[in-house]
Amino acid sequence: MGKQSAPHDRSAVAPLRALLEVTRLVGSEVDVHAVLEAVAETISETLGFRTVAINLYRPAWDDFQIAIVYGNEDAQRLLTGHADTLDRWGAVLDERYARRGAFWIPSEEAWNEPAGPLSFTPQLDEAAASDADAWQPEDSLIVPLTGIDGELLGMVSVDEPLDGKRPTDDEVDVLVAVSAHAAFVLQAALIQAADERHLAALQHLLQISARLNETLDVAEILQAVCAGIGDALGFRCVSVDLVDGDSFRARAAVGWSLDDPALSTATTVADVLPLLDPEFETEGCFLLPSEEARRRFKRATSYISSQNGRGPHAWQHHWLLVPLRSRSGHLRGLIWVDEPEDQLLPSHDTLQALRVFGNQAQAALESAAHFEEVRFLADHDPLTRLYNRRSYMTELESELDRANRYGDSFALVLCDLDGFKQINDTDGHLAGDAALQRFAAVLNDSLRTSDRAFRIGGDEFALLLVAAGREEAEEAIGRLTTTLADGSERPLSASFGSAVYPEDGKTAHDLIRVADEALYAAKRSHHGA
């Protein structure tokens with residue numbers, strides 16, 4: 001517990017020495033526990049108290065915990081780690097005990113233990129009991145540690161003065177002055193520790209940003225974001241859900257598994273929108289009390305936070321989410337965050353960093369989506385999203401090799417829309433584009449998963465029907481013709497021509513020629529649906 005107490009210095013040098021020793025601690029330590037230990041030792045050694053206890057306010061629990069007991073080992077064993085609420089301290093911090101910035105509770109007015117905080121009663125010389133100026137076993141001297149904005153950071157409690165005397169007013173003044181400096185040192189350490197945590201979070205964010213720029217894999221991006229938020233900002237559970245249709249689907253998580261009921265509950269965009277109320281927004285994040293969130297979120301959810309505290313600063317089953325929006329403002333996803341390590345509501349700095357993580361995730365997703373779109377368009381038509389002419393020739397050659405190797409058959413069907421030019425001329429090119437998209441959707445919906453549909457030019461399309469003969473090709477054409485004619489929107493019609501491997505040809509050139517001739521024969525004879 002440090003060096004042995006020196007004989008009590010009753011000269012005017014002692015208070016100056018105490019002030020200097022405490023002031024010297026400013027900026028020297030970031031570890032709050034080390035700062036408190038140094039403050040307690042300084043008060044004990046320079047002001048002459050055998051036992052010094054420091055209580056530290058815990059925002060997560062809205063109480064005061066005895067963080068340091070310096071000196072008496074029996075007091076250490078009894079008091080260290082014990083916590084009492086402010087209500088219990090109210091029995092001590094009463095105006096009737098106020099004395100020059102401290103609270104002096106003489107033994108004759110000592111509080112009842114059940115009503116006040118836990119205390120330690122030392123064994124003192126019984127001869128002192130008859131001396132009115134002697135320190136009595138149940139005497140207490142407590143000084144609040146007050147921050148620069150008046151907030152209560154903790155309390156210093158001293159006992160067993162080395163001179164055995166109750167404090168004079170001057171001695172109380174010195175203790176209050178030293179404690180004021182101690183409060184400043186404590187607050188500086190708390191602020192510095194918070195700043196260093198925030199700096200570490202930002203440094204971690206930079207590392208994550210670099211990693212996000214190194215990959216275009218969406219799953220890897222989202223997992224890195226979840227891990228970064230958990231590690232840098234101190235949340236045990238993080239997930240990223242992306243919009244899929246009109247619902248959300250969990251794509252990455254830390255602390256939860258993707259099949260956890262907390263994430264697998266079906267959630268629509270409409271379910272989430274009531275949570276994104278500006279009333280609960282800070283730095284682009286939305287933090288809602290549990291009761292308010294459950295009132296707005298209509299779907300049943302069984303998940304309950306476990307990292308909850310007590311009091312106005314504590315996390316108490318709160319909901320914290322960060323929307324991910326496209327540049328046009330559309331909701332693309334959500335970051336859900338829960339289970340804070342410190343059991344506290346996130347600070348402004350934490351929410352700001354969380355929003356930056358969200359922005360990084362959104363930017364990385366947009367880059368990945370752009371890359372995926374470019375890669376997709378290498379093989380697909382941008383309007384209909386069907387495979388393009390390049391893919392058509394590649395797939396046709398590949399299917400020829402497969403059918404030849406295994407002695408199988410397949411059908412090639414060519415088709416185009418009837419009256420497409422009239423649609424463009426009469427209703428405009430936007431209507432023509434819509435007709436092409438409808439036709440492509442019909443092709444996709446009517447084919448087997450093993451078949452392929454292609455847009456090979458203007459209003460010309462091709463189908464590869466795997467392991468199909470002439471009968472299967474005719475059946476597929478019949479289904480398509482019926483579906484086009486029965487559409488709820490403006491009916492479409494198309495003409496078809498087919499060729500079957502190997503009956504109609506064994507090369508791509510021969511199959512295309514036969515199917516093309518059949519297509520134009522169908523159009524000339526008006527057999528198009």
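Strands E12 and E13 run antiparallel and are joined by 3 bridges. Two strands count as paired if DSSP finds at least two bridges between them; strands (E, at least two residues) and helices (H or I, at least four) are DSSP runs, numbered from the N terminus.

Before going on, some housekeeping. This is a predicted model, where local features need pLDDT of at least 70 and side-chain atom pairs count only at pLDDT 80 or more, while totals for chains, interfaces and linings use all residues. Residues are numbered from 1 along each chain as its sequence is written, and side-chain values use heavy atoms, with hydrogens and water left out.

**The seven-stranded sheet**

E12 and E13 belong to an open sheet of 7 strands, in the order E10-E9-E8-E14-E13-E12-E11, with antiparallel pairing. Strand E10 (267-268) and strand E11 (281-282) stand at the edges with a single partner strand each, so one side of each has no neighbour in the sheet. Helix H6 (residues 218-233) packs on the sheet and touches strands E8 (235-244), E9 (247-254) and E14 (331-340); contact here means heavy atoms within 4.5 Å. The direction of H6 makes about 150° with that of E8, using axes fitted to C-alpha atoms (for helices, over the stretch in contact) and angles from 0 to 180 degrees between N-to-C directions.

Helix H10 (residues 348-377) lies across E8, E11, E12, E13 and E14, and runs at about 35° to E13. E13 itself is mostly covered, with 6 of its 7 residues buried; buried means under 20% relative accessible area, exposed over 50% and partly exposed in between (1.4 Å probe, protein chains only). E13 and E14 form a hairpin with 5 residues between them, and Gly329 in the turn has a positive phi of about 95°.

**Around strand E7**

Strand E7 (residues 152-161) is mostly covered too: 8 of its 10 residues are buried. Its antiparallel partners include E1 (residues 49-58) and E6 (residues 140-146). E6 and E7 make a hairpin with 5 residues between the strands, where Gly150 takes a positive phi near 90°.

Here are some of the pairings, with a bridge partner for each:

| Strand pair | Bridges | Bridge partners |
|---|---|---|
| E11 and E12 | 2 bridges | Glu281 and Phe286 |
| E13 and E14 | 6 bridges | Leu324 and Gly333 |
| E1 and E7 | 7 bridges | Asn55 and Met155 |
| E6 and E7 | 6 bridges | Leu141 and Val158 |
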